[in-house]
Amino acid sequence: ASKDCVKVAVRVRPFNKRERDAGSRCIISMTSNNISIQDPRNPQNSRAFTFDYTYWSHSGFSRNKDGLFVPEETGGRYADQASVFLDLGQGILDNALQGYNATLLAYGQTGSGKSYSMVGYGPNKGLIPTLCERLFQSIRSMQDSRQCQVFFSMLEIYNEQVVDLLSKTSRSVSGLRVREDQQRGFYVEGLRRVPCDSAVQVEQLMDQGTRTRTTAATHMNANSSRSHMLIIIQLKQIFSKECITKQSNIYLVDLAGSERQRSSGSEADRLKEGTAINLSLTTLGNVISALADMTLGKKVVHIPYRDSVLTKLLQSALGGNSRTVMIATLSPADICYEESLSTLRYAERAKRIQNKAVVNESPTE
Ligand code: ADP
Ligand code: MG
C-alpha cells in the first residue's frame with residue numbers, strides 16, 4: 001500500500017452581489033501555494049496557510065475602455081473550471097483507472113462555491129461532469145482488451161437519513177439503511193446503481209437527482225444547503241487475457257454548508273435539524289482531527305467513524321483505502337472572515353490525514 005496524505009486545494013470565488021453592494025474588501029491573498037487571510041478588524045493580524053493547490057478565482061477579466069481584456073484586479077489570474085479539473089479531476093480519474101478508490105470532497109460555507117466547483121452551472125461545467133466525460137472518452141479509446149462497466153449512484157444525507165436521489169419509487173419511504181460488511185465496509189443497502197455508458201446519460205441522472213433533491217427540500221420545508229450530496233461512481237475493469245478484475249469506487253461529495261447552523265423554522269424543527277445535521281458535519285470534523293493528531297504522533301484511542309452516517313460512508317476515504325482530495329471554497333470578502341478562517345483551519349487539519357491506498361484487483365470470477 002502506498003501511504004499518502006489527503007491533498008487539499010483552496011479556491012476563492014468572485015464577490016457576489018451582496019458583497020459588492022456592501023462595499024466588501026478582499027481579505028484573501030495568494031502567492032503560489034500560500035494563502036493568507038487578514039482580520040478586517042485588525043489588519044496587522046494575518047494568518048498564513050500552505051496547501052497543495054490554490055485557485056484564485058476572485059478576479060475575472062473584463063474589457064477596458066480600449067476594448068482589451070484585462071484582469072479586473074491586480075494580483076491574480078482567474079483560475080477557471082478547466083484548470084481546476086486538470087489538477088484535481090484528472091488525478092482522481094487516473095487513480096480510478098489504475099484501480100484505486102478515489103474521493104473528492106468539497107467543504108466550505110454556503111455560497112462559497114462548492115457546487116460551482118463540483119457540479120458547475122450551465123456552460124461552466126464542474127469537476128463531476130467533466131470527470132465523467134473524460135472517463136467515457138478514456139474507456140472508448142482503450143487499446144487493450146479490457147472490458148469496462150460503470151455504475152452511477154446519487155444520494156443525500158439529511159438529518160442522518162439517507163435518501164436515494166435516483167429512486168423511482170415514492171420518496172416518502174423513510175431513508176435507506178447503512179450496513180457494514182466485512183469486505184465492502186459501510187454501504188447503503190438498496191441504493192440504486194445505474195449502469196451507464198455515456199456522459200450524457202450521467203448528466204441526465206445528475207439532473208434527475210438534483211431535481212429530486214430540490215423538491216424533497218421544498219417538501220420538507222428544508223434547505224438543501226444543509227444536506228450532504230454524494231455521488232458514487234463504480235468502475236469495474238475486466239482484463240480477460242490476464243483474468244484479473246479491477247474495481248474502484250469514486251466518491252464525489254458536496255458537503256453541507258460549514259457555517260454554524262442558524263435558527264429557522266419552528267423550535268422543534270430547528271432542534272431536530274440542528275443536532276442531526278451538525279452530527280454528520282461535526283463528526284467529520286472529529287474524525288479529521290483525530291486522524292490529524294495521529295499523524296502528529298499524538299496518542300489516539302478511537303476514531304469516531306461510527307458516530308454519523310457521513311463518516312461511516314467516508315471511512316475508507318479518511319485514513320483508509322482511497323486517494324483523497326479536498327477542495328475548500330472561500331468567499332474573498334471581509335464580512336465572511338470568521339467562516340473563511342474556520343474553513344482554512346479545517347482544511348489544514350485535513351492535509352495531515354494519511355491514507356493507505358491499494359489497487360483493488362482480484363482474479364476474475
Ligand atoms: P455553494 O454550493 O458553496 O453553496 P455555489 O457553488 O452555489 O455555492 O456558489 C454560489 C454562487 O457563486 C453561484 O452563483 C456561483 O455561480 C458563484 N461562484 C462560486 N464559485 C465561483 C467561481 N469559482 N467563479 C465564478 N463564480 C463562482
Ligand atoms: Mg451548493
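A search of the whole structure, a predicted model, finds zero disulfides. A disulfide is a covalent bond between the sulfur atoms of two cysteines. For Cys 196, the closest cysteine sulfur belongs to Cys 132 and lies 7.9 Å away, which is too far for a bond, given that a disulfide requires the two sulfur atoms to be within 2.5 Å. Cys 196 is buried, its relative accessible area being 8%, whereas Cys 5 is partly exposed, with a value of 32%.

Strand S18 comprises residues 244–254. Of its eleven residues, eight are buried, and the strand is therefore largely enclosed by the rest of the structure. Pairing with S18 was found for strands S9, S17 and S21.

Strand S17 (residues 228–239) runs antiparallel to S18, and eleven bridges join the two. Within this pairing, Ile 231 has Leu 252 of S18 as its bridge partner. S17 and S18 form a hairpin with four residues between the strands. In this hairpin, Cys 243 adopts a positive phi near 60°.

Strand S9 (residues 102–107) pairs with S18 in the parallel sense, over five bridges. Here Ala 106 is placed opposite Asp 254 of S18. The pairing of S18 with strand S21 (residues 361–363) is antiparallel and involves three bridges; in this case Ile 244 stands opposite Pro 363 of S21.

In a regular strand the side chains alternate between the two faces of the sheet. For S18, burial extends to eight of the eleven residues.

Methods: Residues are numbered from 1 along each chain as its sequence is written. Chains are lettered from A and ligands numbered from 1 in the order in which they are written. This is a predicted model: local features need pLDDT of at least 70, side-chain atom pairs count only at pLDDT 80 or more; totals for chains, interfaces and linings use all residues. Side-chain values use heavy atoms; hydrogens and water are left out. Buried means under 20% relative accessible area, exposed over 50%, partly exposed in between (1.4 Å probe, protein chains only). Two strands pair if DSSP finds at least two bridges between them.
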